[in-house]
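Please have the sequence and the model open while reading.

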Amino acid sequence: MTMKRRALLAAGAGAGLLTACGSDTGRGGGGGAGPALSHWYHQYGEAGAEQAVKRYAAAYREADVSVQWRPGNYDQQTAAALLTDAGPDVFEGGPTLDQIQGGQVVDLTGLLDGVKDDFDPAVLAPKTYDGRIWGVPQAVDTQLLYYRKSLLEDAGVQPPATLDELVDAARELTDGKVKGLFLGNDGGAGALGGTPLYAAGLELVTDGGEVGFDDPAAARTLGRLRRLYADGSLLLGAPTDWSDPSAFLQGLTAMQWSGLWALPRVQKELGDDFGVLPFPRDGASGRPAVPVGAYGAAVSARGAHKEAAKAYVKWLWVERTDYQQDFALSYGFHIPARRSLAEKADELRTGAAADAVRFTADHGHAQPLLWTPTVQTLYQDALSRIIKDGAHPERELRTVVRKVSSELDRAKRTS
Amino acid sequence: MTGAAGTVRRRTVWFWVFVGPFALGLALFTYVPLLWSLALSFFDARNTVTPTDFVGLDNYVHVLGDDAFTDSLWTFLVFTAFIVPATYVLSLALALMVNRVRWARAFFRSVFFLPVACSYVVAALIWKMSLFNGVRFGLANTVLGWFGADPVAWLSTTDPPWYWLVIVTLRLWLQAGFYMILFLAGLQRIDPVLYEAAAVDGARPGRQVLRHITLPQLRATSVAVVLLLVVNAFQAFDEFYNLLSDARGYPPYARPPLVYLYYTALGQGQNLGVGSAGAVVLALVVAVVTVGQARWFRLGAKEARA
């Protein structure tokens with residue numbers, strides 16, 4: 001009896017050890033000698049992307065790089081992992097202001113010597129803090145308004161050039177079966193974020209680090225978004241959210257706000273029967289706007305081989321332009337972060353893709369680094385209350401401006 | 001080895017062999033984090049669990065002055081006000097019915113108990129995607145369509161707040177079976193003599209018997225059920241998060257305390273100081289409510305008498 005119990009204990013301990021060793025590191029078959037580095041990516045939905053980044057890592061000779069492909073709430077996972085020694089050496093991420101100020105990521109300024117001007121300045125700006133660069137932009141993403149040409153023609157509606165025209169068009173296009181516009185199941189607060197403010201000629205944070213929308217025009221613009229909701233022109237509660245073009249493709253809506261990543265699928269299913277627009281301008285000083293953003297490759301300050309990690313990032317995201325091109329355009333659909341590459345790409349020269357590239361160049365706005373998650377939640381909550389509850393835009397914005405400016409002061413002080 | 005002292009020593013050894021790992025686990029995974037979190041609540045702890053910047057009560061001032069946090073406590077209150085009476089009545093009704101059927105009792109008991117085995121996440125996805133999606137082919141909207149009504153965007157509409165219907169029915173479906181089992185156990189412990197005596201005394205079966213025999217006899221079970229329901233309502237997270245969150249965050253309504261804390265402390269923000277302060281406040285509220293309930297039900301007094 002005792003014997004058996006002991007055997008059981010041993011077996012239990014053995015199983016524990018096995019589980020501990022059995023974690024899948026995704027090591028790429030011993031590509032390089034040198035130190036072992038782990039490189040985290042969030043899960044891209046595009047077929048082949050995972051194999052591609054593993055192929056790049058295996059081709060690196062100076063270090064043994066293992067790629068982790070992480071599904072789920074990626075930003076939360078990295079934020080938590082960076083607090084421990086088990087975190088990644090290299091990861092794609094903002095990096096966020098807290099991570100930079102907390103000394104969790106390494107200064108990468110030197111990696112871009114000589115090629116800095118080739119990176120799209122709109123996406124490099126949010127990687128820059130105190131004049132130093134903390135992440136190398138990987139590929140540019142943007143969001144656009146997709147519209148169904150045939151449905152607009154049937155309703156006698158022109159593609160909207162102003163926010164008022166968008167409100168009218170969405171109302172005209174709505175009938176029993178089809179809604180006019182899909183901005184996401186939350187009514188647009190999350191997907192649009194600061195874009196309507198840029199379209200009103202304002203900004204989230206000024207260059208001096210002050211609130212950039214303390215202006216009556218902000219309330220007027222956000223009030224027009226309420227109009228869309230109140231008119232019943234918005235598609236709500238669709239099985240997929242705004243980031244997926246399914247609602248648009250299934251004919252549940254005539255127009256949809258979605259990402260550039262959706263373009264290949266829309267093109268494949270609708271052929272020529274669609275067009276893309278930036279978010280339309282609003283008010284006298286308004287101009288069209290699209291959000292741009294890019295994951296940056298960052299190096300964790302807790303890693304054991306920081307210099308090796310920096311050398312690897314420089315190799316992959318600065319030197320290997322062939323891989324950068326392949327990563328941006330062979331699987332999903334992103335604009336290369338290097339302008340010299342974006343100009344060369346044939347896929348970006350014609351049709352809707354060319355429009356999208358033009359929008360990002362002319363009207364692209366990246367979320368400022370000072371726009372922290374706390375501030376974003378404050379603003380998004382207010383926007384949601386304006387849109388859904390019909391809360392008074394001026395009153396909501398007054399509170400937001402007050403809270404945001406104290407949070408911005410705190411963020412600037414910490415540095 | 002066969003002496004009394006040996007037996008005692010061996011017993012002590014075995015006591016620690018069996019209890020030790022659990023005591024250690026309890027200390028390591030419950031008490032250490034608890035005290036650590038208490039300490040964090042007095043520091044400016046962003047993206048770190050070993051902060052150095054002592055801020056006194058600033059985090060408490062911040063969290064209590066944050067409308068989103070106070071709103072989350074209201075959300076909890078409203079949710080409790082819906083879910084506790086609804087689950088109580090439904091599970092008691094199910095138990096009374098299942099207790100009365102003469103045939104296939106095991107079958108009915110299993111059927112009503114089965115949803116308990118379903119995960120909150122899976123159920124939330126079914127509720128969100130197929131039963132209560134906002135387009136015309138969702139189940140609820142199909143039913144509305146038969147009566148010629150327009151589709152409702154159940155989770156996106158704040159006026160009227162239809163999202164409560166989705167949240168409450170989901171939890172009701174998942175947990176009613178479990179409390180039904182508790183009530184069944186309670187019902188089976190009632191002495192049939194009492195019913196016979198009541199019948200002899202001329203009590204009418206139905207309401208009168210329920211009110212004067214069944215409910216008083218179920219008092220202990222009822223107290224346990226209500227306590228458990230309130231504590232579970234406090235811990236609500238899964239269904240709220242899975243029904244209402246999206247890639248960009250969480251809407252400003254129906255945000256219970258744990259969802260608020262999740263986004264403050266464990267989201268991209270990683271503001272562990274404010275998050276811990278919120279957790280401490282929440283723990284105090286739970287403690288006060290639980291003690292208050294126990295007093296109200298005279299839980300301790302009854303035990304002392306028995």
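How far apart do the C-alpha centres of domain 1 of chain A and domain 2 of chain A lie? They lie 28 Å apart, the domain bounds coming from an automatic or database domain assignment. This is a predicted model, in which local features need pLDDT of at least 70, side-chain atom pairs count only at pLDDT 80 or more, and totals for chains, interfaces and linings use all residues. Residues are numbered from 1 along each chain as its sequence is written, while chains are lettered from A and ligands numbered from 1 in the order in which they are written.

**Domains of chain A**
- Domain 1 comprises 29-141 + 292-366, and domain 2 comprises 144-291 + 370-414.
- In the contact between them, 17 residues of domain 1 of chain A meet 20 residues of domain 2 of chain A; a contact requires C-beta atoms, placed from the backbone, within 7 Å.
- On the domain 1 side, α4 (97-101), β10 (290-299), α16 (351-363) and β12 (364-366) of chain A each give two or more residues. Helices (H or I, at least four residues) and strands (E, at least two) are DSSP runs, numbered from the N terminus.
- The greatest contribution to that side is from α16(A), with 7 residues.
- That side of domain 1 of chain A holds 7 nonpolar, 8 polar and 2 charged residues; Ala, Val, Leu, Ile, Met, Phe, Trp, Tyr, Cys and Pro count as nonpolar, Asp, Glu, Lys and Arg as charged, and the others, Gly among them, as polar.

**Overall form of chain A**
- Chain A contains 18 helices and 12 strands.
- Its C-alpha atoms fill a box of roughly 80 × 60 × 50 Å along the principal axes.
- Of the 415 residues in chain A, 50% are buried, that is, 20 or more other C-beta atoms lie within 10 Å of their own, with C-beta atoms placed from the backbone.

**Nonpolar core**
- The largest nonpolar core has 172 residues, being a set of buried Ala, Val, Leu, Ile, Met, Phe, Trp, Tyr and Cys residues joined through C-beta atoms within 7 Å.
- Helix α7 (residues 163-188) of chain B supplies the largest share of this core, 10 residues.
- Among the residues with the most contacts inside the core is A:Tyr312; residues up to four places away in sequence aside, A:Tyr312 touches A:Leu37, A:Tyr60, A:Ala63, A:Val65 and A:Val90.

**Annotation of chain B**
- An unreviewed UniProt entry assigns "domain: ABC transmembrane type-1" to residues 73-293 of chain B; such annotations may be inferred rather than shown by experiment.
- Residues 73-293 of chain B are 71% helix and 0% strand, with end C-alpha atoms 18 Å apart.

Definitions and conventions: Two residues are in contact if their C-beta atoms, placed from the backbone, lie within 7 Å. A residue is buried if 20 or more other C-beta atoms lie within 10 Å of its own, exposed if 12 or fewer, and partly exposed in between; C-beta atoms are placed from the backbone.
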